[in-house]
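I opened this entry to look up a few spots in one structure. My notes follow.

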Amino acid sequence: MSESGGWLRRAWIARLSPRGEVGLDRAASPRAIVEDAVARVGADPVRWAIELNSVVLRRILGEVPVLGGSPAAVELLRRGNEATTLRALFTLAEGPAAAPPTAEAILAGIREFVHRAIPLERVLHGVRVGHAATTEAFLRACAELVDPEEAVDEVTAISRELFSCVDELSDTMIRTYLVEHEVWSTSAAAARADLVRSLLSDAAAADVGEASGVLGYNLRRTHEAVVVWSDSPKGGATLQAAAVEVLRARGATTTLVIPVASGRLWAWGTVPAAGAEGTHRPGSWETITEALSRQRMRAAFGTPGSGVAGFRRSHREAERGERVERLRHEAGRAPRYATAYADVAAIALLATDLDAAGDFVRRELGGLAARGAPMEALRTTLYHYIGAERSLVDVARRLHVARGTVTYRVKRAQEVLGHDLDDRRFALHTALALAEELGDAVLLPRDDER
């Protein structure tokens with residue numbers, strides 16, 4: 001009997017518990033589903049399943065990264081995989097006939113996979129990876145909790161029941177994918193998305209006039225691209241409204257918006273060519289930042305470019321700006337709701353090969369690349385000191401510290417470096433800039449445990 005008072009056909013299921021501190025509030029599933037699961041199998045087994053879901057999710061994204069794509073898309077995948085884990089838990093605890101209230105969550109991501117043009121075989125690959133990791137965890141737990149003389153029969157039964165469970169789920173997912181694909185492939189939205197992806201390819205040779213007609217957007221004009229995203233699932237209409245608002249603020253007269261993932265979209269606006277007279281003056285970045293921060297969304301803008309080549313280049317720049325912001329977010333930096341590529345172009349280019357950038361930073365900074373608040377303070381002070389042409393007053397004002405503090409930190413940083421600041425000054429300032437923006441992404445080797 002479980003802690004909840006329900007009868008389980010496998011008593012050892014009730015003894016499952018997480019290895020770490022895992023609260024029920026960490027579940028991806030809605031509260032009602034979590035409460036129902038606790039009532040059916042007990043709190044500790046549900047907490048075990050929540051912990052297992054995190055492990056399985058990392059394995060899926062490691063082997064099939066295309067199933068991610070944005071923080072919101074990862075959250076959608078987390079919710080679906082947690083539902084799959086709970087389904088397996090119910091199957092083993094109550095029998096294959098148990099009716100899990102989780103089918104909708106498991107299938108919710110299928111529409112997104114179709115709309116993002118992720119092939120069915122990739123989706124099924126993710127299912128197989130998840131199934132293998134989940135089965136492995138249940139078998140390991142069984143070996144620990146079941147008497148040795150019963151373990152062989154129990155392992156055989158578990159393998160059979162979980163295989164049947166995932167086989168049924170795969171069949172349902174395939175049918176759902178094919179139906180959704182048929183509907184989507186005949187829609188105007190799909191045609192627009194496919195055409196835009198073709199235009200973004202260097203090999204694209206679409207007729208500009210015809211493409212402009214299909215998109216309802218003049219590709220011969222000057223374009224400014226933007227990528228808008230949110231770290232939590234947002235309604236498509238909300239993201240689209242935000243994209244149009246910020247592009248209008250930038251002076252766009254017409255816009256094109258293409259949703260590409262849950263919580264993420266691409267957009268373009270036709271803007272006045274440089275030097276054009278009598279045109280709308282773009283809104284300030286402060287205004288745009290305020291509009292985005294209210295809705296907890298972020299946006300990265302490319303620089304304006306003309307024609308299809310400019311349409312493509314501005315978009316690539318916006319995606320590079322987005323990548324810099326995601327790396328900064330991972331490093332714990334304060335969010336910038338609006339990012340102009342021109343402001344981060346140097347960092348974006350330097351971080352194109354992140355492994356090489358990290359090697360460069362650690363080699364140039366030596367002991368100054370060590371993690372921790374003291375070294376971070378030294379790096380930040382030295383970075384601003386070199387950038388301010390060694391003005392103690394400017395650095396003190398910018399960092400809100402005393403001049404004496406700046407003097408001490410610069411002297412200490414030079415001691416750690418072991419050489420004069422004029423030695424390899426450009427390389428030193430570049431390495432400091434990368435460390436300032438990207439933190440652990442360049443201070444730690446990429447294969448280190450974080």
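I count a contact when heavy atoms lie within 4.5 Å. The model is predicted, and I keep that in mind throughout.

**Entry 1: Ile 110.** I started with Ile 110, which sits in helix H4 (residues 103-115). Is Ile 110 buried or exposed? Its relative accessibility is 1%, so I put it down as buried. Next I looked up what it touches. Leaving out residues up to four places away in sequence, I found Val 123, Met 173, Thr 176 and Tyr 177. Met 173 is 63 residues from Ile 110 along the chain, yet their C-alpha atoms are 7.3 Å apart.

**Entry 2: strand S4.** I moved on to strand S4, residues 298-301. In a regular strand the side chains alternate between the two faces of the sheet. Here I saw Arg 298 and Ala 300 pointing one way, with Ala 299 and Phe 301 pointing the other. All four are buried. Then I checked the partners. Strand S1 (residues 222-229) pairs with S4 in the antiparallel sense, over four bridges. Trp 229 has Arg 298 as its bridge partner there. Strand S6 (residues 338-340) pairs with S4 in the parallel sense, over three bridges. There, Ala 300 is bridged to Thr 339.

**Entry 3: H13 and H17.** Last, I looked at two helices, H13 (residues 354-365) and H17 (residues 425-438). Their axes come within 9 Å and cross at roughly 120°. I therefore list the pair as oblique. The crossing is left-handed. The contact includes Phe 360 and Glu 364 of H13, and Thr 430 and Leu 434 of H17. By class I noted twelve nonpolar residues, one polar and one charged.

Terms used:
Residues are numbered from 1 along each chain as its sequence is written. This is a predicted model: local features need pLDDT of at least 70, side-chain atom pairs count only at pLDDT 80 or more; totals for chains, interfaces and linings use all residues. Side-chain values use heavy atoms; hydrogens and water are left out. Axes are lines fitted to C-alpha atoms, for helices over the stretch in contact, and angles run from 0 to 180 degrees between N-to-C directions. Angles under 35 degrees count as roughly parallel, over 145 as roughly antiparallel, 65 to 115 as roughly perpendicular and the rest as oblique. A crossing is left-handed if the near helix is turned anticlockwise from the far one by less than a right angle, and right-handed if clockwise. Ala, Val, Leu, Ile, Met, Phe, Trp, Tyr, Cys and Pro count as nonpolar, Asp, Glu, Lys and Arg as charged, and the others, Gly among them, as polar. Buried means under 20% relative accessible area, exposed over 50%, partly exposed in between (1.4 Å probe, protein chains only). Two strands pair if DSSP finds at least two bridges between them.
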